[in-house]
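Hi everyone, thanks for coming. I'd like to walk you through a structure that may be new to you, so please have it open while I talk.

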Amino acid sequence: MKILADCDAMPRPLKEVLLKVAEREKVETLFVAAQCLRLPESAYVRAIGAGGAFNGADDWIVEHIDRGDLVVTADIPLADRALGVGAEVLGIRGDFFTPGNIKNAMAMRELMEELRSTGEAGGGPPPFSERQRVAFMDALNRFLQKKGGVVKKTLGIGAIALGVLLGGCSSGPEKTVFVPDDGRLAHDSRIPAGRVWKDPSAAMSKYDKILIADVRTDLRLEQSWAEHNGVRALMGKEDADLKELAAYMKETFSKAVRTGPCRMTLVDKPAPGTVRLELAIVKVVANKPLIETGTTAAAAVLRPITLCLIPVKSVLAHETDSPLSAYIAIEGKVVDAETGKVLVLFAANSHEKGAILDVNKLVSPYANVREIIDRWGKQLVEVINKRPLETGAKMENGQPGKHDYSLIHL
């Protein structure tokens, strides 16, 4: 097995990662570009100058792939060609291209080109970040481990940095990054779905006021392919979107308590008998990453056309990694606002598919996510009033078929 790195548009930090990995793992690594790169002397790395012909570096890489080789590239058409001849392909942000997602990636690329041509999207993707460098390093290490490499179980500074940057998360829906990942969270038959832990000694009936803290957005679960390659992320708008959704969530939950009827009173400062609800949005996918909001008629025409490029079978098989599915995951704590004692921990998520021809959904990339938040606001009041973990009262299960998980369980 060898690594072929497409270096024409590769960030310098990733070249440095590949050089270190080549030496550490003693794996042949070829750095391919139009002109030969200057590399340190090594028995394991080699610079290849493919010439200035159009797609010259891409053609050289494809011609020299052996089945099972790893190609590192940001070039989606090259990724498609490499997959076709038996390579595995790692993107520069740490996400693997696969036969199951490459068609979506190609469609995304075409859409972005069209949006730029109409002026709706300017420039390229956001600057390469340290978080992405560490995510790439972790993905590369995992790949080499899978291939039987000699990557140590303890991955050193890189793995420690990843744990810090990603809040200690790893793949899989059962992990948490805001609430302690210590095994206390569990599914409970008294609630319809989600995972929860409640302090057995806590009597929620003695609390009659609730303070809702600002919703956090700084802790994230490992990103899926759809999140890495969504239009909002590629346009550098993901952080602003998250902050807007966090503000919307706080206001929605606050309004639900205010308008009730709710046995708790909404307050803005701690007082006797007050719980504080602390929330974090840890994952979110817009309802249609391939169909984005816009203002021009040309873009409006492009969106349904672009949708035709999506392989529907792949979409339906992986709903939370789907360009047709809205998805949001949150974690939270309910604490005594005066003492800080943790009373309840919970993790919840929900997804639902968008209607392909729903024009209202087309003009807002997070319309379905907002609908989920709206339902959670109503459920918040219901669990406050019913206290299912204490009373055993039956909770309604959101909207059937929506995979809607109850929010918190007081």
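Predicted model: local features only at pLDDT ≥ 70, side-chain atom pairs only at ≥ 80, totals over all residues.

I'll begin with the whole chain, then move to a sheet, and then stop at a few single residues.

The protein chain has 410 residues, and 52% of them count as buried. It holds 14 helices and 12 strands. The chain exposes about 18,700 Å², with carbon and sulfur atoms supplying 53% of that area.

Now, let's look at a sheet. It is an open one of 6 strands, and if you read across it, the order is β3-β2-β1-β4-β5-β6, with mixed pairing. Which strands stand at the edges? Those are β3, residues 45-49, and β6, residues 96-97; each has a single partner strand, so one side of each is left without a neighbour in the sheet. As a reminder, strands of a sheet pair through backbone hydrogen bonds, either parallel or antiparallel. Here, β1 and β2 pair in the parallel sense over 4 bridges, with β2 covering residues 29-33.

Asp6 is buried, yet it has no salt bridge. How far away is the nearest side chain of opposite charge? That side chain is Lys15, and it is 9.3 Å away. What Asp6 does have is a polar contact, side chain to side chain, with Thr73 at 2.8 Å. Beyond its neighbours within four places in sequence, Asp6 is in contact with several residues, including Val32, Asp58, Ile61 and Leu78.

Is it buried or exposed by the numbers? Its relative accessible area is 4%, so Asn141 counts as buried. Its side chain makes a polar contact with the side chain of Arg24, at 2.5 Å.

Next, some backbone features. Most residues other than glycine have a negative phi, and most peptide bonds are trans. Lys26 has a positive phi of about 55° although it is not a glycine. You'll find Lys26 in the loop between α1, residues 12-25, and β2, and with a relative accessible area of 56% it is exposed. Asn55 also has a positive phi, about 60°, and is not a glycine. Asn55 sits in the loop between β3 and α2, and at 33% relative accessibility it is partly exposed. As for peptide bonds, a cis one joins Gly260 and Pro261, with omega about 5°. Pro261 is in the loop between α9, residues 238-259, and β9, residues 265-266.

My last stop is strand β10, residues 274-285. How many of its 12 residues are buried? The count is 11, so β10 is largely enclosed by the rest of the structure. It pairs with strand β8, residues 209-212, in the parallel sense over 4 bridges. To locate that pairing, look for Lys209, whose bridge partner in β10 is Thr274.

Note on methods. Residues numbered from 1 in each chain as written. Heavy atoms only, no water. Buried < 20%, exposed > 50% of the residue type's maximum accessible area, 1.4 Å probe, protein only. Lys, Arg positive; Asp, Glu negative; His and termini not counted. Salt bridge = Lys/Arg side-chain N within 4 Å of Asp/Glu carboxyl O. Polar contact = N/O pair within 3.5 Å; in protein donor to acceptor, adjacent residues only side chain to side chain. Contact = heavy atoms within 4.5 Å. Helix = DSSP H or I, 4+ residues; strand = E, 2+ residues; numbered from the N terminus. Areas by Shrake-Rupley, 256 points an atom, 1.4 Å probe, with all protein chains shown as cover. Pairing = 2+ DSSP bridges.
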